[in-house]
Amino acid sequence: METDGLEWLRVPAQRLVSWGAAGAMVFGGVVPYIPQYRDIRRTQNAEGFSAYVCLVLLVANILRILFWFGRRFESPLLWQSIIMIITMLLMLKLCTEVRVSNELNIKRRSFADFDLNYFWHWSKFTDYVQCVLTFTGVTAYITYLWLDSSLFVETLGFLAVFTEAMLGVPQLYRNYQNRSTEGMSVKMVLMWTSGDTFKTVYFILNQAPFQFSICGLLQVFVDIAILLQVYLYSSYPQKPASHPAHPASTKAL
């Protein structure tokens, strides 16, 4: 009887853990951006946040959604992409409004100018939306034409997760250039590492497409490399760089 009772409790417990893991996958990636959004809104200063973070994550998650049409994967991963796209659009909207309000008497730039020198530095949020919709439309049409090609579908999936996996590389390179991690939050890097580790384990246990697992391991490797930089540059200080350190970038979990 006692065994039967424990068995009755085990099934709901497993479901609860499964729902919790799925919820963490869906919303965990956007958690670091909540305090950053509030901070930008409070200070009316967006200089510490790079709009290119939004560009990389928008491209990565749009490609991941298109990959889903060619090869179905776990629904929490699909919802994660949808939530991340919405979050990045909200971040772009706020950053654009703050930046434009602080740049008086500056010539307005728009997506319709087709000026590569000002790509992703436009004056209105609607220009970013137009760019995202254009990219989505073009890639969706190409995907529709090549959806029957397994090589194309697998390549699309790899590009989606590889783009996101490379998000921490600029921070790694910036630390190397500066020979220092000054100004970078170690807590944030630890959050990256724990989040990417959880995500990679989730991919492996749920038998997600192999691209997810490989690029998840790559993300963990980049995170560990940054933590090693923290240790090396603090234990063995290098010659200061001639240029000032830049603010730390932000990436998704």
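This is a predicted model: local features need pLDDT of at least 70, side-chain atom pairs count only at pLDDT 80 or more; totals for chains, interfaces and linings use all residues.

Reader: Is tyrosine 144 buried or exposed?

Author: Buried means under 20% relative accessible area, exposed over 50%, and partly exposed in between (1.4 Å probe, protein chains only). Tyrosine 144 counts as exposed because its relative accessible area is 65%.

Reader: Which residues make the nonpolar surface patch?

Author: Patches are made of residues with over 30% relative accessible area and no salt bridge, like charges being joined within 9 Å and nonpolar side chains (Val, Leu, Ile, Met, Phe, Trp, Tyr) within 5 Å; a salt bridge is a side-chain nitrogen of Lys or Arg within 4 Å of a carboxyl oxygen of Asp or Glu. Here Val138, Tyr141, Ile142, Tyr144, Leu145 and Trp146 make a nonpolar patch of about 700 Å², with areas taken from the Shrake-Rupley method with a 1.4 Å probe, and only the protein chains shown counting as cover for residues.

Reader: How many helices and strands does the secondary structure of the chain come to?

Author: There are nine helices and zero strands, and of the 253 residues of the chain, 40% count as buried. Helix 3 is mostly covered, with 14 of its 20 residues buried, and this helix reaches 30 Å from its first C-alpha to its last, close to the 28 Å expected at 1.5 Å a residue, the expected span being 1.5 Å times one less than the number of residues.

Reader: Which residues have the most contacts inside the largest nonpolar core?

Author: A nonpolar core is a set of buried Ala, Val, Leu, Ile, Met, Phe, Trp, Tyr and Cys residues joined through side-chain atoms within 4.5 Å. The largest has 50 residues, and those with the most contacts inside it are Tyr33, Ile40, Phe49, Leu77, Met88, Trp120 and Phe212. The elements that give two or more residues to this core include helix 1 (2–28), helix 4 (75–102) and helix 9 (210–235).

Reader: What is tryptophan 120 in contact with?

Author: Contact means heavy atoms within 4.5 Å. Leaving aside neighbours within four places in sequence, the partners of tryptophan 120 include Ala51, Leu92 and Tyr128.

Reader: Where is glutamine 44 found, and what is its phi?

Author: Most residues other than glycine have a negative phi. Glutamine 44, in the loop between helix 2 and helix 3, has a positive phi near 55°, and this residue counts as partly exposed because its relative accessibility is 37%. Glutamine 207, in the loop between helix 8 and helix 9, also has a positive phi, of about 55°, and counts as exposed because its relative accessibility is 71%.

Notes:
Residues are numbered from 1 along each chain as its sequence is written. Side-chain values use heavy atoms; hydrogens and water are left out. Helices (H or I, at least four residues) and strands (E, at least two) are DSSP runs, numbered from the N terminus.
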